[in-house]
Amino acid sequence: MAIDREQLLHVAHLARLELPEEELERLGAQLNDILAAVSKVSELDLSGVPPTSHPLDVVNVWDEDEPRPSLSVEEALANAPERDGDAFRVPPAGS
Amino acid sequence: MIDTLRLTAEDAIGLVERGEVSSAELHQAYVAAIAERDPELHAYLRVLEEPNGPSIPIALKDVIGTKDVETTAGSRILEGYVPVYDSTVAARCKARGLSLLGKTNTDEFAMGSSTENSAYGPTHNPWDPSRVPGGSGGGSAAAVSAGLAPWALGSDTGGSIKQPSALCGNVGLRPTYGTVSRYGIVAFASSLDQVGPVARTVRDCALLYSIIAGRDHCDSTTVELPHAVELPEAEDLKGLRVGVPKEFNEHEAIEPGVRDAVQRAIELCRELGAEVGECSLPHAVEYGMPCYYLIAPAEASSNLARYDGVRYGHRAAAADRLEMYERTREEGFGDEPKRRIMVGTYALSAGYYDAYYGQAQKVRTLLIREHAEQFERFDVLVSPTSPSVAFELGARTANPLAMYLSDLLTIPSCLAGLPGLNVPCGLSEGLPVGLQLIGPQFSENTLFRIGHALENAIGFDGVPARWR
């Protein structure tokens, strides 16, 4: 199934990607090629097959709940593009 | 004079331990080799000129977080990002006294098969600089083959250790899923990502694996190894059963020269005493690629959501927050991450989830079962690692699907969480051909044993012909 311009803009918004017009066209065409190729998975009837989300046979890995050293506030903020005291500073939410 | 082109890690450790060469001299010898050959290859994104450990040097792929050393994952969005903590694998290397030599080039976020998707420019193949080194770990593979590091670490999601090792002519292991910690690694697709060694010999590869493997409390997907890593010594393959899956060995994409070299290696297995038999994995190759290119992008779209300009990395100037997110990501990500984020977001979105991601997860179960069935009859499955030898730079960049096919033969076992070893098995058109050995989970020791015996029998010279 082909993905149209409207869907493309919707998916880009979901992914928080601002795509300029030129990129939108190129990506749209490539995306359709890729989706056509991966749609091959639907050829198989796998109604009785359970899905795999994790390739190892491990469940519920527990650790003791013991406090351990973690990053200091200074370390956590070391790569901040902009900081304000002990917080990451960001522009305000729009309307 | 230290010949870094031929020195194995094992021999280098011997030189240092016997006091014949100091670790500082060794580090300097590699820095000198990098100064001489890396301007042409661009295997490194940054080099640490000063020795920083008492043993031999190591190079780390730039998706591996290193405290106080910039880690970009080949992306503009992480330009200038300096981790405040070490990844577990970097810490384990440090604890063994290894000296960090530098960070190697990678396709952006390890997404690619040629290292051409790096935002910092491509790496070139040491055998022929007009060709790619494979990817995503082309930097680590090229560095080892060019004598710019005795060994290195890579990361592998769908073939990013094995395929570059094949194209550069060295040994690369993608370990069993869960045996090596991903703590502090830039995440791509978490149900697939594994860190693993790249080395000149199988024994070096096994030694490095023993340094990094094992349970880590900071990564709950890790497990203890069921048995200790053994450095291989045996020269024969007696008692081993080698399966030759026809779909992996007769695919039309496999170049004749690659097929010939692999056939000779399979013949050698027989001569070394192994029992060799044909087998079939009917869905693995045909459905592995489409399955992978749904699961990996889906997980990537989720993992890469963290690059929003808030806490680290690039931030675009914007008046409001939504604009900041969208513009930061538009400016910071290159084409391939954008494609995968879009495919993944679409495949996970309402109304499409079951048909795409859900169905791909079921295909994954099918592939796990297909492999398990063959491991009742065989200890190992063999095939080419890559259908082709190293291709020309630019040959596949215009067509993402052509690039994706580079991983046709490495992907299925990655989806099944199985370990895979690449061992060089000859040349075609003057370029290395890699043999892929796939075993059941936790069978690394068997893979090392077979790889080591074959390596000795084949006698492949890993030094690129133009530098001999």
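Chain A has 3 helices and 2 strands. Here helices are DSSP runs of H or I of at least four residues, strands are DSSP runs of E of at least two, and both are numbered from the N terminus. The structure is a predicted model, in which local features need pLDDT of at least 70, side-chain atom pairs count only at pLDDT 80 or more, and totals for chains, interfaces and linings use all residues. Residues are numbered from 1 along each chain as its sequence is written, while chains are lettered from A and ligands numbered from 1 in the order in which they are written.

The elements of chain A run α-α-α-β-β from the N terminus on. The C-alpha trace of chain A spans about 50 × 45 × 25 Å along its principal axes. Its radius of gyration is 22 Å, whereas a compact globule of 95 residues would have one near 12 Å. This radius is taken over C-alpha atoms, and the globule rule is 2.2 Å times the number of residues to the power 0.38. Of the 95 residues of chain A, 17% count as buried. A residue is buried if 20 or more other C-beta atoms lie within 10 Å of its own, exposed if 12 or fewer, and partly exposed in between, with C-beta atoms placed from the backbone.

Chain B was examined in the same terms. Its secondary structure comes to 15 helices and 11 strands. The radius of gyration of chain B is 21 Å, close to the 23 Å that the globule rule gives for 468 residues, so chain B is as compact as a globular protein of that length. Its C-alpha atoms fill a box of roughly 70 × 55 × 45 Å, taken along the principal axes. In chain B, 62% of the 468 residues count as buried. Contacts in chain B were also sorted by sequence separation. Among those between residues at least 6 apart in sequence, 77% join residues at least 24 apart. Two residues are in contact if their C-beta atoms, placed from the backbone, lie within 7 Å.

The two chains touch each other. The contact takes 45 residues from chain A and 56 residues from chain B. On the chain A side, helix 1 (5-14) and helix 2 (21-38) each supply at least two residues. Helix 2 of chain A gives the most to this side, with 8 residues. The chain A side divides into 32 nonpolar, 7 polar and 6 charged residues. Ala, Val, Leu, Ile, Met, Phe, Trp, Tyr, Cys and Pro count as nonpolar, Asp, Glu, Lys and Arg as charged, and the others, Gly among them, as polar.

Strand 11 of chain B (residues 431-438) has 8 of its 8 residues buried, so this strand is largely enclosed by the rest of the structure. Strand 9 (residues 380-384) of chain B runs antiparallel to strand 11 and is joined to it by 4 bridges. Two strands pair if DSSP finds at least two bridges between them. B:Pro384 stands opposite B:Leu435 in strand 11. Strand 10 (residues 420-428) of chain B also pairs with strand 11 in the antiparallel sense, over 8 bridges. Here B:Pro424 stands opposite B:Gly434 of strand 11. Strands 10 and 11 of chain B form a hairpin with 2 residues between them. In the turn, B:Glu429 has a positive phi of about 55°.

B:Ala33 lies in helix 2 (residues 23-41) of chain B. B:Ala33 counts as partly exposed because it has 19 C-beta neighbours inside 10 Å. Leaving aside neighbours within four places in sequence, B:Ala33 is in contact with B:Thr4, B:Gly147 and B:Leu148. B:Ala33 and B:Ala149 are 116 residues apart in sequence and 8.9 Å apart in space, C-alpha to C-alpha.
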